[in-house]
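Here's a quick briefing for anyone opening this one for the first time. Have a look at the model, then read on.

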Amino acid sequence: MTEFASYYESAWIGSSTTEALFSPSLWNQYESSQLLLPRSTNIAEGWNHGFHTLLSSSKPSIWKFLDCLKAEQSLTDVKITKRLMCEAPDPRAPKWIRYDQRLQRLVNNYDDFSDPKDYLREIGCLTMF
């Protein structure tokens, strides 16, 4: 466990004498949580999965690939048109809306925690739903 903690500190946190290998500005989601912005690449992963499903093959022909690109472009055109007509995007699942609201409340109340461990414990409990 000590070896893992040492790795974690040197790679992600840093110390008073050394900078972290990965700067917190690369991975910290504090501000995104405050502003209810996406904190992951799930939207890109979802698109990739949907496009792969549309292809229905791991090695499609160039013609199948082009047909799927045209179909995807048509879907994108419809979404753009809906947005230009001020139509709301598809709603998110209520459980994710509630999760984001709970996380935002915790992040906004960070100063209320005297011990960072208590804050991290609350964040950890939040993710176990």
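**A first look**

Ser 33 counts as buried because its relative accessibility is 6%, where buried means under 20% relative accessible area, exposed over 50% and partly exposed in between (1.4 Å probe, protein chains only). This is a predicted model, so local features need pLDDT of at least 70 and side-chain atom pairs count only at pLDDT 80 or more, while totals for chains, interfaces and linings use all residues. Residues are numbered from 1 along each chain as its sequence is written, and side-chain values use heavy atoms, with hydrogens and water left out.

**Around Ser 33**
- Ser 33 sits in helix α3, residues 30–34 (helices are DSSP runs of H or I, at least four residues, numbered from the N terminus).
- Beyond its neighbours within four places in sequence, Ser 33 is in contact (heavy atoms within 4.5 Å) with Arg 39, Leu 103, Gln 104 and Val 107.

**The nonpolar core**
- The largest nonpolar core has 6 residues: Tyr 99, Leu 103, Leu 106, Val 107, Tyr 119 and Leu 126 (a set of buried Ala, Val, Leu, Ile, Met, Phe, Trp, Tyr and Cys residues joined through side-chain atoms within 4.5 Å).
- Helices α6 (94–108) and α7 (116–126) each supply at least two residues of this core, and the largest share, 4 residues, comes from α6.

**Cysteines**
- Cys 68 counts as buried because its relative accessibility is 4%, whereas Cys 86, at 72%, counts as exposed.
- There are 0 disulfides, taking a disulfide as a pair of cysteine sulfur atoms within 2.5 Å.

**Helix α1**
- Phe 4 is found in helix α1, residues 2–13, and its 48% relative accessibility makes it partly exposed.
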